[in-house]
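Open the model in your viewer and keep the selection tool at hand. We will take it one stop at a time.

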Amino acid sequence: MSRLKIHPRAEHGRIVHVTPESAGWRYVGFDLWKLRPGEVAEGGAPGRETCLVFIGGKGHVTAGVEDFGILGERNSPFEGKPWSVYVPGGGRWKVVAQTDVTLAVCTAPGEGRLAARVIPPDALHQETRGKTTNTRHVTNIIPEWEPAEGLLVVEVITPGGCTSSYPPHKHDTDNLPHESLLEETYYHRINPPQGFAFQRVYTDDRSLDETMAVEDGDVTLVPKGYHPCATTHGYDLYYLNVMAGPHRTWKFHNAVEHAWLLKA
């Protein structure tokens, strides 16, 4: 298996655990929890801010001294917008599952300058990017115009047979205003779940060049380079992106040889 692909290690509990140390980078952390009713997920660490995203199910959420009650609505990421919670750096959080829950825990450096808050579905900005076989539907959970110290969090659904994160682009160079350095994780889901999709991660000099078949529940790491995805016919692809770096802005560079696609 590619060192950039992580397959869930269990059926429930914390089934994916990505830290800056395990990924070999500096900023992004990502955990995935699958809980049965009554089970608990909790966390929070000094110097790390958190975004909790309800991929599916309902849970009782507390963050620091805040009791946000029962949040969550959809049963799968293909059924509308998510409920999410922002937890400031150093803040503790806890989720008690009311139903079966799939919970994404997205983290990045943060000093705790902001307040904890619920991010409800009706507050989320959505857009459709691309056209024909390069169509994808984007839901911005914590985009750069919303408050956070380091995190950028977004969901994307790519219809079956389409490409996404395409034309190939990268954001691995600290060269503002032209390009920002951002590490990134992808949490993939497939509908129906027996399907698969593909993701390639590669650099111009091909010192990194890996192509992965991703299945339902896989997580991929993008430490650098271009990182396009492609779905197979009949299977929609969902992914949750978490990005962070030294500057909280998304400025990317398109692969020069494929830039003509933007005008086609």
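**Start with the charges.** Colour the charged side chains. The protein has 26 positive and 32 negative charges, and their mean positions are 2 Å apart. Here Lys and Arg count as positive and Asp and Glu as negative, while His and the chain ends are not counted. Each charge is placed at NZ of Lys, CZ of Arg, CG of Asp or CD of Glu.

**Before you go on.** This is a predicted model, in which local features need pLDDT of at least 70, side-chain atom pairs count only at pLDDT 80 or more, and totals for chains, interfaces and linings use all residues. Residues are numbered from 1 along each chain as its sequence is written, and side-chain values use heavy atoms, with hydrogens and water left out.

**The whole chain.** Switch to the cartoon view. Helices (H or I, at least four residues) and strands (E, at least two) are DSSP runs, numbered from the N terminus. Now show the C-alpha trace, which spans about 50 × 40 × 35 Å along its principal axes.

Of the 264 residues, 52% count as buried. Buried means under 20% relative accessible area, exposed over 50%, and partly exposed in between (1.4 Å probe, protein chains only).

**The cysteines.** How many disulfides does a search of the whole structure find? It finds zero. A disulfide is a pair of cysteine sulfur atoms within 2.5 Å. Select C106 and C51. The sulfur of C106 has its closest cysteine sulfur in C51, 5.1 Å away, so the two are too far apart for a bond. C106 is buried, because its relative accessibility is 0%. Next, select C229 and C162. The closest cysteine sulfur to that of C229 is in C162, and at 12 Å it is too far for a bond. C229 is buried too, with a relative accessible area of 3%.

Most peptide bonds are trans. Select L176 and P177: a cis peptide bond joins them, with omega about 10°. P177 sits in the loop between β17 (172–175) and β18 (179–181). Then pick N191 and P192, where another cis peptide bond has omega of about -5°. P192 is in the loop between β19 (183–191) and β20 (196–202).

**Two positive phi angles.** Most residues other than glycine have a negative phi. Go to S165, where phi is near 50°. S165 lies in the loop between β15 (163–164) and β16 (169–170). Is S165 buried or exposed? S165 is buried, at 7% relative accessible area. Move on to R206, with a positive phi of about 60°. R206 is in the loop between β20 and β21 (209–215). At 39% relative accessibility, R206 counts as partly exposed.

**Last stop: Q199.** Select Q199 in strand β20. Q199 is buried, with a relative accessible area of 0%. Which residues does Q199 touch, leaving aside neighbours within four places in sequence? Among them are Y186, H188, E210, T220 and C229. Contact means heavy atoms within 4.5 Å. Finally, draw a line from Q199 to G57: they are 142 residues apart in sequence and 28 Å apart in space, C-alpha to C-alpha.
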